[in-house]
Amino acid sequence: MVNSIIFDKKVRDVRLATAGLPPPPASRTASFRPCTQTEVRCIIMQSPVKSCTLDPVPTFLVHEFVDLLPPFLTTMVNTSLMQGQLPVSQKHAIVTPCLKRSGLDPTDIGNFRPVSNLTFMSKVVERAAAIQFNAYLSANGLLPHHQSAYRQKHSTETAMFRVWSDILTSADVREVTLLGLLDLSAASDCVDHGILLQRLEVVFGLAGTVLRWICSLLTDQTQQVSYRGCLLSVQYVLFGVPQALVLGPLLYVLYTAELEQIVARHDQRLHMYADDC
């Protein structure tokens with residue numbers, strides 16, 4: 001009798017603790033496929049010709065000799081993806097403060113915005129991973145339905161049309177519309193890496209090498225501020241998805257995808273564009 005009571009209590013506790021968790025994802029991905037030389041060459045040619053002070057050679061030289069380099073660069077890309085690890089040397093950024101607009105007081109640090117630069121090869125590897133990651137999310141319908149940013153065939157126009165459509169639909173049934181606008185402050189800088197990785201695994205089905213690679217991408221990120229020719233001390237990036245990351249915007253969108261469920265539980269309608277809700 002006592003054992004039965006204890007067992008019943010344990011079952012109730014487990015059910016209560018997991019009641020708010022989303023169901024396991026119907027699809028999962030645990031590994032990247034190797035990239036071909038043609039794919040890597042295409043990524044290089046479509047990348048902006050911008051160089052970082054950390055690059056061993058200027059980016060324009062990589063473009064100029066792109067027909068000779070793919071065998072070596074493809075090996076570098078595939079080694080990173082197959083091992084689920086981004087080299088530490090590719091996770092360091094140089095941050096340059098720039099005035100938000102001319103005429104602002106340069107003695108006020110709040111008038112500057114940070115421009116972050118990573119090595120060219122780190123972005124090539126990221127773009128190779130992003131192509132496969134986006135394909136997986138799109139094929140399985142895992143992208144947030146009411147998010148218009150960083151998605152093909154979505155834009156600020158689709159966001160506005162959706163909001164306008166909701167307003168007209170409400171007016172047709174004689175309902176009053178109240179529009180609430182939410183702009184999150186320093187949104188991408190406040191992303192918690194632990195929560196992000198948990199959501200990628202539980203909600204979006206990432207596992208194995210793919211999850212390890214993204215964990216490596218976010219871990220041990222460092223940056224240095226460059227100002228008037230001087231480099232300040234190295235700082236670790238403990239939170240957020242750095243603006244220089246190719247995958248940064250997509251990771252932020254997935255991090256905030258649960259907002260849809262929260263709003264829906266209160267019988268409201270939501271549409272988002274990046275961190276604007």
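This section describes the salt bridges, a surface patch, and the cavity and pocket of a predicted model. Residues are numbered from 1 along each chain as its sequence is written, and side-chain values use heavy atoms, with hydrogens and water left out. Because the model is predicted, local features need pLDDT of at least 70 and side-chain atom pairs count only at pLDDT 80 or more, while totals for chains, interfaces and linings use all residues.

Five salt bridges were found in a search of the whole structure. A salt bridge is a side-chain nitrogen of Lys or Arg within 4 Å of a carboxyl oxygen of Asp or Glu. One of them pairs R33 with E39, with 2.8 Å between the closest N and O atoms. R33 has a relative accessibility of 40% and so counts as partly exposed. E39 is partly exposed as well, at 26%. In these terms, buried means under 20% relative accessible area, exposed means over 50%, and partly exposed lies in between (1.4 Å probe, protein chains only).

A salt bridge also joins D67 to R41, where the closest N and O atoms are 3.0 Å apart. D67 sits in the loop between helix 3 (59-64) and helix 4 (70-83), and R41 sits in helix 2 (residues 37-46), so the pair ties together parts 26 residues apart in sequence. Helices (H or I, at least four residues) and strands (E, at least two) are DSSP runs, numbered from the N terminus. D67 is exposed, with a relative accessible area of 59%. R41 is partly exposed, at 33%.

D166 bridges to R269, with the closest N and O atoms 3.6 Å apart. This pair links distant parts of the chain. D166 belongs to helix 6 (residues 156-172), and R269 to the segment after helix 10 (259-265), 103 residues away. Salt bridges with shared partners join R162, D166 and R269 into one network. D166 counts as buried because its relative accessibility is 16%.

Helix 6 gives the most to the lining, with eight residues. Helix 6 and helix 10 each supply at least two. By class, the lining has 16 nonpolar, six polar and six charged residues. Ala, Val, Leu, Ile, Met, Phe, Trp, Tyr, Cys and Pro count as nonpolar, Asp, Glu, Lys and Arg as charged, and the others, Gly among them, as polar.

A pocket is an open set of points with protein on both sides within 12 Å along at least five of seven lines; in a cavity, a 1.4 Å probe fits but cannot get out; lining residues have an atom within 4 Å of a point. Grid points are joined across faces, edges and corners, and a volume is the space filled by probe spheres set on the points.

The structure holds one cavity of 30 Å³ or more. The largest cavity contains about 40 Å³ of space. Its lining consists of A93, S116, L118, Q221, T222, Q223, V237, P242 and A244. Five of these residues are nonpolar, four are polar and none is charged.

On the surface, Y236, L238 and F239 form a nonpolar patch with about 380 Å² of accessible area together. Patch residues have over 30% relative accessible area and no salt bridge; like charges are joined within 9 Å, and nonpolar side chains (Val, Leu, Ile, Met, Phe, Trp, Tyr) within 5 Å. Accessible areas come from the Shrake-Rupley method with a 1.4 Å probe, and for residues only the protein chains shown count as cover. Y236 lies in strand 5 (residues 235-236). Y236 counts as exposed, at 55% relative accessibility.
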